[in-house]
Amino acid sequence: LNGGGGSLFEPLKRLGMILGAFWAVIYALYGDHIKVLTHWLIPMTIITGLFFVPTATVWIIDPVHHYHQKVDNVPYGLAAMAGHVSTIGYHVTGKIESIFTLPEDLRYQKSGFLFASDIIQKAKTFHITNTDLAENMKSFVGQCVLYDAMLGRKYNIDELRNTDDIWGLVSANPSQARSFVWRDLKVPDQPRNRPNIISCSEGVQRFNQLWGNEINNTANLFGKKIFDKSGVINPRAELLKYLPLAYGQLGNLAKDASEIIKQQMMIYSIVDGMESNSTALGNAHNFAARRAYLQQRSTYETLGAMAGETLPVMKAVLEAIIYAFFLFVILLAMLPFGYRFLLTWAQGILWLQLWAPLYAILNYIMCIAATSKTMAALAISNSQGVTIASSVGLANVNADISAMAGYLAMSIPFLSIALVKG
């Protein structure tokens, strides 16, 4: 739609004027000459002069994904109505969130709806991404960690389950006598070296040399899965920024992103190593343990989570459709009583802009509930950090909060229309 003489704008405007004139002639034929002036000529002249003839430049800005786009030659009516109402909605949402005490980066305007709970749920899937290193860790867990835990001299099973730094615990005093299979990491375009047997203490040294690079690779991979894949933002940097914020806000944890990622990778590796070791001893695959860790949510919770994720997307789609509907408003506004169509269109924009402030309020309320439940889940095992014992419960309580928030969010469109219509 180009207000600067585009191929679609002018024909629609002329067609609307022709239909409006035809309707006015019918009024005149029936002797109601005043209506020709009051219901068509005067409103049509004002609406055309104010809304359709002038043009403006519009900037489309997405504060969550840091996206912005300039659009020229937009009809002034569309630019003014959409621009002013969306600006007012944005600032009202900002004022509402400034009253609350959430960190700025976890507010609805900055990171979206209930983002802290969402990232804590997804952190449970963090694992070592390099296949060779993952196999090495699985072998290390089976031969070095589990035997030490069962012997109970350096640490026991309970200490392993409840520590908030698994790698620090298992690497503090590794066995000099026991050994495991180590595969050197494959170099691209180079033949793979044969596996060799190394001691647990030497394995710890090798792992320590590789942790930094593996944490960066994991942050990059899962950052792309969690954040935007379009390249507008740096997914790795966003993950490293938001991960400690989420755990700090909901769990009151003072850990950096690298510590959180390493702990989650070790939890995944311990669960994987235990299952692999059990299978190697002749036992059947423990699908119950794997299911408990990855925990498929119930239909109720899945639908709730989907509602929470899709409603903001639906809002964006409906907003785009309403802006596109201005094509028909151009035609209808030229008819007698055309200002009514313009008012109805404006109410549609106002209805959508009310969603964001109400989302911000709901986001704050559910973050308070998530904080309480997250701290309770952590306190079961170790309030200083995520452990093997608390990881499943921590992810589940945040999944429950997200599901509940999703169902509550479904009421926002109805509350908004009630406010607009009165």
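Asn252 counts as exposed, at 57% relative accessibility. Here exposed means over 50% relative accessible area, buried under 20%, and partly exposed in between (1.4 Å probe, protein chains only). The model is predicted: local features need pLDDT of at least 70, side-chain atom pairs count only at pLDDT 80 or more, and totals for chains, interfaces and linings use all residues. Residues are numbered from 1 along each chain as its sequence is written, and side-chain values use heavy atoms, with hydrogens and water left out.

Asn252 lies in the loop between α10 and α11 (257–280). Helices (H or I, at least four residues) and strands (E, at least two) are DSSP runs, numbered from the N terminus. The phi of Asn252 is near 55 degrees, a positive value in a residue other than glycine. This residue comes just after α10.

Helix α10 itself covers residues 235–251. Its 17 residues should span 24 Å at 1.5 Å a residue, and the end C-alpha atoms are 23 Å apart, which agrees. The expected span is 1.5 Å times one less than the number of residues. The N-terminal end of α10 is capped by Asn234. A side-chain oxygen of Asn234 lies 3.2 Å from the backbone nitrogen of Arg236. The buried residues of α10 include Leu239, Tyr242, Leu243, Ala246 and Leu250. Glu238 is also among them.

The chain as a whole holds 18 helices and four strands. Buried residues make up 43% of its 422 residues. Contact means heavy atoms within 4.5 Å. Among contacts between residues at least 6 apart in sequence, 72% join residues at least 24 apart. The chain exposes about 21500 Å², of which carbon and sulfur atoms supply 62%. Accessible areas come from the Shrake-Rupley method with a 1.4 Å probe; for residues, only the protein chains shown count as cover.

In soluble globular proteins, nonpolar side chains tend to be buried together. A nonpolar core is a set of buried Ala, Val, Leu, Ile, Met, Phe, Trp, Tyr and Cys residues joined through side-chain atoms within 4.5 Å. The largest such core has 79 residues. Ile119, Phe140 and Leu243 touch the most other members.

Phe140 is buried, with a relative accessible area of 1%. Not counting residues up to four places away in sequence, Phe140 touches Val145, Trp167, Val170, Phe180, Cys200, Val204 and Phe207. One of these, Val145, lies in helix α6. Val145 is buried as well, with a relative accessible area of 0%. Beyond its neighbours within four places in sequence, Val145 is in contact with Phe140, Tyr155, Leu160, Val170 and Ile270. Val145 and Ile270 are 125 residues apart along the chain, yet their C-alpha atoms are separated by 8.6 Å.

Aromatic pairs were counted next. Rings of Phe, Tyr and Trp (its six-membered ring) pair if their centres lie within 6.5 Å; planes under 30 degrees apart count as stacked, over 60 as edge-to-face and the rest as tilted. The count comes to eleven aromatic pairs. The rings of Phe140 and Phe207 have centres 5.5 Å apart and planes at 70 degrees, so this pair is edge-to-face. Phe140 lies in helix α6 (residues 131–151) and Phe207 in helix α9 (residues 200–226), so the pair ties together parts that are 67 residues apart in sequence. Phe207 counts as buried, at 1% relative accessibility. The rings of Trp355 and Tyr359 have centres 6.4 Å apart and planes at 75 degrees, so they too form an edge-to-face pair. Both lie in helix α16, four residues apart, about one turn of the helix. Trp355 is buried, with a relative accessible area of 0%. Tyr359 is buried at 1%. Ring pairs also link Phe140, Trp167, Phe180, Trp182, Phe207 and Trp211 into a cluster.

Ser381 lies in the loop between α16 (355–379) and α17 (388–409). Ser381 counts as buried, at 18% relative accessibility. A polar contact of 2.6 Å joins its side chain to that of Asn162. A polar contact is a pair of N or O atoms within 3.5 Å; within protein, one must be able to donate a hydrogen and the other to accept it, and residues adjacent in sequence count only if both atoms are side-chain atoms. Leaving aside neighbours within four places in sequence, Ser381 is in contact with Arg161, Asn162, Thr387, Ala389 and Ser390. At the start of α17, a side-chain oxygen of Thr387 reaches to within 3.3 Å of the backbone nitrogen of Ala389. Helix α17 has 22 residues and reaches 32 Å from its first C-alpha to its last, close to the 32 Å expected at 1.5 Å a residue.
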